[in-house]
Amino acid sequence: MTSSAKSVPATGTSFAQTRWIQLVLGIICMASVANLQYGWTLFVLPIQHQFGWTKAEIQVAFTIFILCETWLVPFEGYIVDRIGPRWMVMAGGVATFLAWFIDSHATALWMLYIGGAVAGFAGGAVYGTCVGNALKWFPDKRGLCGGLTAAGFGAGAAITIAPIRSMIQTSGYQHTFVVFAIIYGVIIVIVSFFLRAPQTHEMPSMDKIRTRQGTDDSVPPQQAVRSPIFWIMYLMFFLVAAGGLMSAAQLSPIAHERGIANDLVTIFGITTPAIVAALTFHSITNGVGRPLNGWISDYIGRANMMGIAFGVEAICIAAFGFFGTTPMSFIITDALVFLFWGDIFSLFAATVGDAFGRRYVTVNYGIMYTAKGVASLLVPLGNVLTHYTGSWHAVYTVGCLMNLVAALLGFFVLRPIINQRLKSGKELAAQQMRTAPQPS
């Protein structure tokens, strides 16, 4: 009776409501840490004007943030998979408050760097936990719901960028740091009390999971990292992330060099400088692309979607680099680049869940997520290439090639491995059914 009870799949309205509520709670938390990354740029010039530090010195804090955000996620995920999401997200909320509180009182660069490190812990603790929790609750919709959770990271920035910018102008950056530190910290801590991981009996039946890649639902990290499929995905993640980051990091310098950054454009009745419009629209497409591409992958398969998306991304990067020379073409091609770039954060998260199961998905995806940190170290390569070639074209050529390689790996390496795993899994399931004792 005990064995039978544990195998009953979750059904009914209450389960459906519970897991969608958990998804929304995760998205709220993601939105509340988004500006640790996306809002930072608004504070750089005010800090420089206050203390006279160079932009390069100030931006070291951002580099520290990215490295801590990505490289701490595996350790945070290891803890989450054992104690649940509540306490890690709560710690992330407290750290979110501390990070910007420290920044508001920073009178020396080392204090700013400590703030960056604390912010990195906060961002990784919330990001990794909420994505992992979404994958656990939705093994049958990993692409869609992992994408929706990741999209919350961009949505939070879109909602509060304007208020932050306005408060900096009217009340100063220190006051703004403190006010939003309290707002974000309180929201995350309150929401964390309601987060939980699903129980085994709350899982949908396996026949509803379209994209599963085998029968094992509990592959630990030490076993996952010995699997060839893990490192193929890691390489693909790195290539797409590096190609996109190198291109995105040069957005403002290229717009100014082409003389179009401050050209006014009118879109939907709103007139704004081209660079502002580009930043706004690529934030929207970045958010939309994550759940959209993830949802499609739930139906056509992860490897197929990766091959298509990364191939299209290569074309978009080339179009942006070589043809985005007018305000409107700059805005449109930049938006298309981000429509297919952000999907790495839904597709790879979902594929890790497919390949290695739900029990250790937070730590397994956390290790995969470090590819973003490795990719960020290549961002200065864009400036080096431009310096030696005298043109931005080299940056976009490299970015285009990186995405093409990732697309080819998806179609011709990752897809056959997934198909073989599916075949082996079906054969094993059939064998287990044949050997199982029949009821008398």
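A disulfide is taken here as a pair of cysteine sulfur atoms within 2.5 Å, and by this rule the count comes to zero. The model is a predicted one, in which local features need pLDDT of at least 70 and side-chain atom pairs count only at pLDDT 80 or more, while totals for chains, interfaces and linings use all residues. Residues are numbered from 1 along each chain as its sequence is written, and side-chain values use heavy atoms, with hydrogens and water left out.

**View 1. The cysteines C29 and C130.** The sulfur of C130 lies 4.6 Å from that of C29, its closest cysteine sulfur, which is too far for a bond. C29, at 0% relative accessibility, is buried (under 20% relative accessible area; exposed is over 50%, partly exposed in between, with a 1.4 Å probe and protein chains only), and C130 is buried at 4%.

**View 2. Helix α5.** In this helix, residues 73-83 (helices are DSSP runs of H or I, at least four residues, numbered from the N terminus), the buried residues include V73, P74 and V80. Seen down the axis, the buried residues fall within an arc of 155° (from the directions from the helix axis to the C-beta atoms), so they line one face of α5. Just after α5, G84 takes a positive phi of about 95°.

**View 3. The salt bridge of D81 and K136.** The closest N and O atoms of this pair are 2.7 Å apart (a salt bridge needs a side-chain nitrogen of Lys or Arg within 4 Å of a carboxyl oxygen of Asp or Glu). Because D81 lies in α5 and K136 in α7, the pair ties together parts 55 residues apart in sequence. D81 is buried at 15% relative accessibility, and K136 is buried at 6%.

Key:
Helix = DSSP H or I, 4+ residues; strand = E, 2+ residues; numbered from the N terminus.
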